Structure formats: structure tokens, C-alpha cells
Amino acid sequence: MTVKEYNNAVKEFGDHVYRFIYRSLKDSHRAGDIVQDTYEKLWRCVTEVEYAVVKSWLFATAYNRMIDVIRKDSRVVGVEHYDESALYADESGSDLNEVLHRALERLPEAQRSVILLRDYEGYSYREIADITGLSEAQVKTYIFRGHVTLRNYLVKTSVWQ
């Protein structure tokens with residue numbers, strides 16, 4: 001990759017990577033640090049990474065760095081260990097976007113990440129599997145379970161009633 005292509009990757013994908021990380025962490029400073037670390041790593045590997053794959057390389061690297069940060073802070077919530085009662089809301093009548101964000105925050109990290117990559121960033125199942133290190137079947141399962149949980153949350157709120 002050339003310096004011009006690197007600069008183009010910063011302009012073209014920087015905001016997308018930041019939004020993805022920010023939606024998962026809800027911490028703008030950490031999200032910014034992770035994006036900066038990701039682009040620093042890209043700069044060190046600039047001769048090894050081809051521009052054609054730089055977008056998925058950036059998302060995969062940022063995702064892995066985010067997981068490292070979460071593990072370091074001991075805030076990892078296993079997919080099998082979460083309180084399903086916390087997934088339902090008592091609130092009534094609220095802005096749909098706000099309700100969706102609250103619903104996403106209640107999902108386990110793995111489900112939230114794959115849903116953000118699929119529904120917000122438009123990645124295919126295969127690309128998400130490559131980014132997260134999960135199998136394609138796991139990605140599909142997490143997306144399905146996440147969508148079911150989101151649907152149940154929205155039904156429990158008065159948004160659709």
C-alpha cells in the first residue's frame with residue numbers, strides 16, 4: 001500500500017471504524033485510542049497490507065484491540081451468562097432510535113458486535129467471521145439470537161403498541 005492509499009484509508013474508513021468501536025464501548029476516548037492504535041499498526045504494516053483488503057483489516061484489527069481492552073478491564077460478559085430479565089424495558093413511549101440504542105446496549109458483547117457489523121456496517125457473514133474470529137455458523141447464530149432479543153425488547157416496550 002502506498003502512502004496515498006494509507007491516507008485515503010484514514011479518510012474513507014476512520015469514521016466507520018470509530019463508530020463501530022464507540023457503539024460497543026460507549027466511551028469516546030477509548031474508541032479514539034483504539035482507532036489510533038489500529039491506524040498506527042496499519043502504518044507499521046503498510047507494505048504488507050494491500051489496499052483492496054484494508055477495510056476488513058482495519059475492522060478486524062480494531063475489533064481485536066477492543067476485545068483486548070474489554071478483557072483487560074474484566075468487563076467481558078459471556079454469551080451464556082447474562083440476565084435475560086434485564087433485556088426487557090418498562091419504559092413507555094420513547095424515541096425509536098433511543099430505544100434501539102438501549103436495546104443494543106443490553107445485548108451480550110458478541111451479539112452486539114456482530115449485529116453492528118452486519119446491520120450498521122453492511123458486512124457479509126463471511127467478512128464478520130473473518131473480523132471476529134468466529135465461525136460463519138456462530139456469526140449467523142449470534143445475529144439471529146440478537147435479532148430475536150431486540151425484537152422481544154421492542155415488543156415489551158410500548159414502541160410498537
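This is a predicted model: local features need pLDDT of at least 70, side-chain atom pairs count only at pLDDT 80 or more; totals for chains, interfaces and linings use all residues.

Residues are numbered from 1 along each chain as its sequence is written, and side-chain values use heavy atoms, with hydrogens and water left out.

Six aromatic pairs are found in a search of the whole structure, where rings of Phe, Tyr and Trp (its six-membered ring) pair if their centres lie within 6.5 Å, and planes under 30 degrees apart count as stacked, over 60 as edge-to-face and the rest as tilted. Two of these pairs are set out below.

| Pair | Centre to centre | Angle between planes | Class |
|---|---|---|---|
| Y6 and W43 | 4.9 Å | 70 degrees | edge-to-face |
| F59 and Y123 | 5.0 Å | 70 degrees | edge-to-face |

Because Y6 lies in helix 1 (residues 3-25) and W43 in helix 2 (residues 28-44), their pair ties together parts that are 37 residues apart in sequence; helices here are DSSP runs (H or I, at least four residues), numbered from the N terminus. Y6 is buried at 11% relative accessibility, whereas W43 is partly exposed at 44% (buried means under 20% relative accessible area, exposed over 50%, partly exposed in between, with a 1.4 Å probe and protein chains only).

F59, in helix 3 (residues 54-72), and Y123, in the loop between helix 5 (109-120) and helix 6 (125-132), are 64 residues apart. F59 is buried at 0% relative accessible area, and Y123 is buried at 3%. F59 and Y123 also belong to one aromatic cluster with F20 and Y63.

K55 lies over the face of Y123, at 5.3 Å from the ring centre, where a charge sits over a ring if NZ of Lys or CZ of Arg is within 6 Å of the ring centre and within 35 degrees of the ring normal.

Technical notes: Helices (H or I, at least four residues) and strands (E, at least two) are DSSP runs, numbered from the N terminus.
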